[in-house]
Amino acid sequence: MQATNEAGLSTNERRWRRELRSAWLRLLVFAVLVLNLLASQHGESVLVHGQVIGGYGLATMVALLLALKRTGPVWATIAFVVIDALLVVALFHAHLFAPGEAFDHSLTAPSLAVGFLLLTHAALRLRPGLVVLFSAVVLTGWLMLLAITLAVHARLHPKAESEWPILGAEGALAAAFAFAAFVCYLLIKEHNVVLAEAVGSERRRQMLARFFSPGVVAELQDDRTNLTLARRHALVMFVDLRSFTLLSEASEPEAIAEVLSEYRQLVTEAVFEHGGTVDKFIGDGVMAVFGHPRTGEDDAARAIACGLRLTTLLAQWSHERVRHGKTAVEAGIGLHAGPVVGGVLESGRHAEFTVFGDAVNVAERLERLCRSLNAVLVISEDVLDDAPHYRSSVDWIWKEAAEINGRRGKLRLAYLSRLHAPSQ
């Protein structure tokens, strides 16, 4: 669940989210330390416990202040982990200073619990290196001081009982601590793998959602082979607003943004509704593709249906704008069929779905012909060849042997006159 929640966050946001959570948890650990001091009999080690609590409280206040202000160097996290580890060593070491010939092994359960609590606290930062650092400092300091203290005690009290049983008991506790640290390390590694996959999946989903309808996004996430660059037969549609440059020069930025937002949303919804792909937005133009990355027998029919639907939607949108005292808008649509190369193109940190080829260029030229033909929709006969039903069911105006700029040969075109375009 946490991996899912963090997948949409940036690296910096995740860092400060964890730092703030860690700072608040330090207050809980501080309360446990205080209760441990008040509830337990520490004897002469009460001073050590008091110093540990004071040092931990000071570190807690600094950590909380930095987290709330979202400031501080990256190495501050490492410093807090080292401080916590040294405080645990001091807490574990306090019982080793018991006076007398009989070595008093009195490492209490609350003191040991604090060590494990701070271990889990370090693990909650979800950085395996911090768990390794914390456990290494604790175990090294704990066992080294234990060995030194036992050696000094044996020298001062040569007739005292052997300390080997004590060393064995402490060693067992240290092994348990090391095992807990190892488990935390493994869990964090696994969590980070899951989080990385979730972040990658979310980024792919967001990238795909820019171009495809939700249903297609879900399918493409499961089968990414359709996103590799490949050559397919597809239909390319260009939609462009007429006289948008003049409109933008005479309008406020807010009004321009409103027009583009409404226009792009209208076109995108129509394209997605008919199973198409939004390839890109080019200022006031939209390029859409049908038949890529998924190819179907009804690609041409869906593309034509989308073009016809857009002529109605755009006319209605313009009518609504005029009714509310706003400037009327007109658009032209060009549609052509042919082979294209398309897929996800990686370019450094930016990846996008795109198609290119002769069909793209011709579709863009057909959209430009809308102006000279006074048309709302211009399509090539190649498109109608793939959807013969629409050849007779729509009142097309035909243009024979039309020349396309930048392309050899001529095309037979069909178009809808703006004067007779449907408005309902």
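The model is predicted: local features need pLDDT of at least 70 and side-chain atom pairs count only at pLDDT 80 or more, while totals for chains, interfaces and linings use all residues. Residues are numbered from 1 along each chain as its sequence is written, and side-chain values use heavy atoms, with hydrogens and water left out.

**Exercise 1. Salt bridges**

Task: State how many salt bridges the structure holds, and describe the one between aspartate 84 and arginine 26.

Solution: 
Step 1. A salt bridge is a side-chain nitrogen of Lys or Arg within 4 Å of a carboxyl oxygen of Asp or Glu. The structure holds 15 salt bridges.
Step 2. In the pair of aspartate 84 and arginine 26, the closest N and O atoms are 2.8 Å apart.
Step 3. Helices (H or I, at least four residues) and strands (E, at least two) are DSSP runs, numbered from the N terminus.
Step 4. Buried means under 20% relative accessible area, exposed over 50%, and partly exposed in between (1.4 Å probe, protein chains only). Aspartate 84 and arginine 26 are both buried.

**Exercise 2. A salt bridge within a helix**

Solution: 
Step 1. Arginine 302 forms a salt bridge with aspartate 299, with 2.2 Å between the closest N and O atoms.
Step 2. An α-helix has 3.6 residues a turn, so residues three or four places apart point the same way.
Step 3. Aspartate 299 has a relative accessible area of 5% and is buried.
Step 4. The expected span of a helix is 1.5 Å times one less than its number of residues.
Step 5. Just after H11, glycine 325 has a positive phi of about 80 degrees.

**Exercise 3. Cysteines and helix H12**

Task: Find how many disulfides the structure contains, and then examine helix H12.

Solution: 
Step 1. A disulfide is a pair of cysteine sulfur atoms within 2.5 Å. A search of the whole structure finds zero disulfides.
Step 2. Cysteine 184 is buried at a relative accessible area of 14%, and cysteine 370 is buried at 1%.
Step 3. Cys370 is listed among the buried residues of H12, which also include Val360, Leu366 and Leu373.
Step 4. Helix H12 (residues 358–373) has 16 residues and should span 22 Å; its end C-alpha atoms are 22 Å apart, in agreement.

**Exercise 4. Positive phi angles**

Task: Describe the setting of arginine 70 and of asparagine 374.

Solution: 
Step 1. Most residues other than glycine have a negative phi.
Step 2. Arginine 70, although not a glycine, has a positive phi of about 50 degrees. Arginine 70 lies in the loop between helix H3 (46–69) and H4, and is partly exposed at 45% relative accessible area.
Step 3. Asparagine 374 follows H12 and has a positive phi near 50 degrees. Asparagine 374 is found in the loop between H12 and strand E6 (375–380), and is partly exposed at 34%.

**Exercise 5. Paired strands**

Task: Identify the sense in which strands E2 and E3 pair, and then describe the pairing of strand E8.

Solution: 
Step 1. Two strands pair if DSSP finds at least two bridges between them. Strands E2 (residues 277–282) and E3 (residues 285–290) pair in the antiparallel sense over five bridges.
Step 2. Lysine 280 stands opposite methionine 287 in E3. The side chain of lysine 280 also meets that of aspartate 279 in a salt bridge (2.3 Å, N to O). Lysine 280 is partly exposed at 22%, whereas aspartate 279 is buried at 0%.
Step 3. The hairpin of E2 and E3 has two residues between the strands, and there glycine 283 takes a positive phi near 60 degrees.
Step 4. E8 (residues 410–417) pairs with E6 in the antiparallel sense over five bridges, and serine 380 stands opposite leucine 413 in E8.
Step 5. Five bridges also join E8 to strand E7 (residues 397–403), and these two run antiparallel. Six of the eight residues of E8 are buried.
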